[in-house]
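Take a first look at this protein with us.

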Amino acid sequence: MYRPPAFATDDIAALHEAIRARVFATVACVVDDAIAFAYAPVVLDADAGSHGTVRFHLAGNNPLANIADRTALQISFLGPDAYVSPDWYETKGRVPTWNYLAVEGRGAAKRLNSDGLRQLLVDLSAVEESKLLPKKPWTIDKVPEEKMGPLMNAIMGFSVQFETLEGKFKLSQNVPREDAEGVMRGLVQRDDPQSRAVAREMRKTRT
């Protein structure tokens, strides 16, 4: 990832927070001499003393589902992003830009066995269902076993322990405070959840 120093983020806690806020990942690797992409929600396990591990599953027919153990993967998480208008700056003569959060990790794929795959499905649904409270959480035991077997046979599960993990939080750190304040005001005034989320992230960098 291209990371000018002003935007580089290496704090593991901040990177994990960004991943948990946007668990839907882009997975990339080389398949048959070409870059292939897949898209999947992940469960993040914050391993002590490491960059962490993610677990995810893919449809069995996905070309990436047939990769061998130890295949190198790159996984990207894109957080909120928003257009920045030059009219929001106090300083005149600036040009449009884009603010955003991005996290990239690298590691080797490890196939999950059937027990590991089932636990991934349990953990993934538990995390996402917890966001829907006070709704009573859905649990995997509501799926009849005669249906669960074929469903699990149709997917492949993987874990990837990150060997590297880095972030780029481009949040107007390279402009004077009064310009950044103007950007935050402009973003908040938009009726757009993404823009407001970027404004909140910008505020964090200045507290």
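**A walk through the model**

Start with S125, whose side chain comes within 3.0 Å of the backbone oxygen of L121. This is a polar contact, meaning a pair of N or O atoms within 3.5 Å; within protein, one must be able to donate a hydrogen and the other to accept it, and residues adjacent in sequence count only if both atoms are side-chain atoms. S125 belongs to helix α2. Its relative accessible area is 14%, so S125 is buried. Buried means under 20% relative accessible area, exposed means over 50%, and partly exposed lies in between, using a 1.4 Å probe and protein chains only.

A word on the source. This is a predicted model, in which local features need pLDDT of at least 70 and side-chain atom pairs count only at pLDDT 80 or more, while totals for chains, interfaces and linings use all residues. Residues are numbered from 1 along each chain as its sequence is written, and side-chain values use heavy atoms, with hydrogens and water left out.

Now step back. The protein has five helices and eight strands. Here helices (H or I, at least four residues) and strands (E, at least two) are DSSP runs, numbered from the N terminus. Along the sequence, their order is β-α-β-β-β-β-β-β-α-α-β-α-α. The C-alpha trace spans about 65 × 45 × 30 Å along its principal axes. Of the 207 residues, 42% count as buried. Next, consider contacts, meaning heavy atoms within 4.5 Å. Among those between residues at least 6 apart in sequence, 72% join residues at least 24 apart.

N99 lies in strand β7. Is N99 buried or exposed? At 1% relative accessibility, N99 counts as buried. Leaving out residues up to four places away in sequence, N99 touches P80, D81, A82, V84, K170, L171, S172, V183, V198 and M202.

Next come the aromatic rings. A search of the whole structure finds two aromatic pairs. Why does the pair of Y83 and W98 count as edge-to-face? The ring centres of Y83 and W98 are 5.8 Å apart and the planes meet at 65°, so the pair is edge-to-face. The rule covers rings of Phe, Tyr and Trp (its six-membered ring): they pair if their centres lie within 6.5 Å, and planes under 30 degrees apart count as stacked, over 60 as edge-to-face and the rest as tilted. This pair links distant parts of the chain, with Y83 in strand β6 (residues 72-84) and W98 in strand β7 (residues 97-111), 15 residues apart. Y83 is partly exposed, at 33% relative accessibility. W98 is partly exposed too, at 43%.

The charged end of R94 sits over the ring of Y89, 5.4 Å from its centre. To count, NZ of Lys or CZ of Arg must be within 6 Å of the ring centre and within 35 degrees of the ring normal.

T91 is in the loop between β6 and β7. At 29% relative accessibility, T91 is partly exposed. Setting aside neighbours within four places in sequence, T91 is in contact with P176 and D179. T91 and D179 are 88 residues apart along the chain, yet their C-alpha atoms are separated by 6.6 Å. Their side chains are joined by a polar contact of 2.8 Å.

Finally, look at the backbone. Most residues other than glycine have a negative phi, and most peptide bonds are trans. D32 is not glycine, but its phi is positive, near 55°. D32 sits in the loop between β2 (24-31) and β3 (34-41). At 73% relative accessibility, D32 is exposed. R70 also has a positive phi, near 75°. R70 lies in the loop between β5 (53-59) and β6, and at 60% relative accessibility R70 counts as exposed. The peptide bond from L133 to P134 is cis, with omega near 15°. P134 is in the loop between α2 (114-130) and α3 (145-153).
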